[in-house]
Amino acid sequence: MDFKTQLAGAGGLAALAADALLVVVVGDALPGGLDQPLAELLAAAVKDGDFELKSGKTLYAHRVAGVKAPRVAFVATGDGAVKSLRKAMVTGLGLLKGGGGKQLAVAVAGGGELGAAHGEALAGAVGEALYLYRETKPSAPPAPRLHAVSLVCAKTEVAAVAAGLKRGEAIAAGATLARECANRPGNHCTPTYLAAQAKKLGKEYGLKVEVLDRKDCEKLGMGSFLSVAQGSDEPPRFIVARWQGAGKADAPVVLVGKGITFDTGGISIKPAAAMDEMKFDMGGAASVLGTLRAVAQLGAKVNLIGIIPTCENMPGGRAIKPGDVVTSMSGQTIEILNTDAEGRLILCDALTYAERFKPAVVVDIATLTGACVVALGHHRSGLFSPDDALAAELLAAGEQAHDPAWRMPLDDEYGEELKSNFADMANVGSSRDGGAVVAAMFLKRFTGKLRWAHLDIAGSAWNSGKAKGATGRPVPLLTHFVLSRAQ
Ligand code: BES
Ligand code: MN
Ligand code: ZN
């Protein structure tokens, strides 16, 4: 997609050169300053009861006399907040994307000055509205013809809007990559596939990508990660991808993504209902790849390292059993009381591995617990960190990116449940209560002196029901976070 800014010119919106025009109408009153005959059309539609100035309402008109663009759509948005505009743009794009238009111009009527946030919102909305999973579905409708989108703005707004479009485009591409990976079925998206994706990304965007195999991980003593992998015939991979945008001496941001390409639960097997959704259990890994792509595409002056432990969690003759004790890379032993609490088992070794990079901060991203979905639903990611400043940074990044998180507690009391008579700790608590926090407390034991935060994206990374599929989150949050740490 080609994103640009467009000046309205002397003839106004009516004379705009575009195949389609989307007018986002802000507020609950007819906007002043809208060019004729668009203003008249809008007023008449409202008067006739065919259009309401209420959030989400749309109106389509074809070949309006006096308007150069053959397709015109209006979409109302309650207020002028960027979040509302973005939502309205997605709705409006839904109306126009299936048509014959190749170049779309988007104008905002009745709002205030346009800036970077508006450009970013438009690019994000286009990514969201146009995405469709096609990879294993030949019968899916073909991609829309739309290939250029512009935001109509004033001369004084051009620089900021263009910068926002660029950022939004990179984030949208990163989120799309994450969605593509996470939507891909477990028999296609294997650890080997994820490693190949990382290598490919490395070639395209100048990342250094290293892929460790089972033997390499054995040498490193990753007994916890490998214990999850041992139940599957699919070989595990440990992916390390580095973007060096800043000086060598600059401490990197490290992102660690859970890459369980399918989670059956192992011997503590999951119920059959909705088990298919466990192909998304590499959503954390996918978001790390997506963020690397976005950050590298923008050429950000920051050092970023993505670490992805990836394997399948399967039952089988060689699989771990409840009661088994394994030794993590940190030397701490773990009694595996529930083989379905596998995410923490692969992440703990990755967190230990991260120490070697002397990171500025480490953030792990994982579809870690069903309990987090119970607590927060699908809207906000769960954020856990003992570091108030880091937590505040991540929360702010989420708000800016319209990819919000919510801070959860990490009191020591929650960790008491992890006591074991047979190892340094158990991998689950004695009850289900507060399961998302207990899981985070487990991870915390492997973070030593690191500045660390954990994002539980079990709810935010995908939608269930009719719109079942990956969301690409939290690529927007992570990208904002990493960019805010760039020089
Ligand atoms: N991948 C799941 C968590 C999950 C569940 C993500 C539902 C998305 C939707 C994780 O590996 C898991 O199975 N967690 C268990 C932990 C329990 C055994 C302590 C859970 O949440 O039930
Ligand atoms: Mn599990
Ligand atoms: Zn899992």
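How far is an oxygen atom of ligand 1 from an N or O atom in the side chain of Lys270? I shall answer that in a moment, after a word on the overall layout.

Colleagues, what you see is a predicted model. The protein chain is divided into two parts: domain 1 covers residues 2-173, and domain 2 covers residues 184-484. Taken over C-alpha atoms, the centres of domain 1 and domain 2 are separated by 37 Å. The domains do meet, however: 13 residues of domain 1 are in contact with 13 residues of domain 2.

Let me now turn to ligand 1. The space it takes is the second largest pocket. Around ligand 1 there are 16 residues, and those that come nearest are Lys270, Asp281, Asp340, Glu342 and Gly370. By residue class, the shell around ligand 1 comprises 7 charged, 5 nonpolar and 4 polar residues.

To return to the opening question, the distance from an oxygen atom of ligand 1 to an N or O atom in the side chain of Lys270 is 2.8 Å. For Asp340, an N or O atom of the side chain lies 2.7 Å from an oxygen atom of the ligand. The backbone takes part as well: a nitrogen atom of ligand 1 is found 3.3 Å from a backbone N or O atom of Thr367. As for burial, ligand 1 taken alone exposes 510 Å², and the protein buries 77% of that area.

Conventions:
Residues numbered from 1 in each chain as written. Chains lettered and ligands numbered in written order. Predicted model: local features only at pLDDT ≥ 70, side-chain atom pairs only at ≥ 80, totals over all residues. Heavy atoms only, no water. Near = heavy atom within 4 Å. Polar contact = N/O pair within 3.5 Å; in protein donor to acceptor, adjacent residues only side chain to side chain. Areas by Shrake-Rupley, 256 points an atom, 1.4 Å probe, with all protein chains shown as cover. 1 Å grid on protein atoms, 1.4 Å probe; cavity = no way out; pocket = protein on both sides within 12 Å on 5 of 7 lines; lining within 4 Å. Sits in = over half its atoms within 2 Å of the grid points. Nonpolar A, V, L, I, M, F, W, Y, C, P; charged D, E, K, R; others polar. Domains from an automatic or database assignment. Contact = heavy atoms within 4.5 Å.
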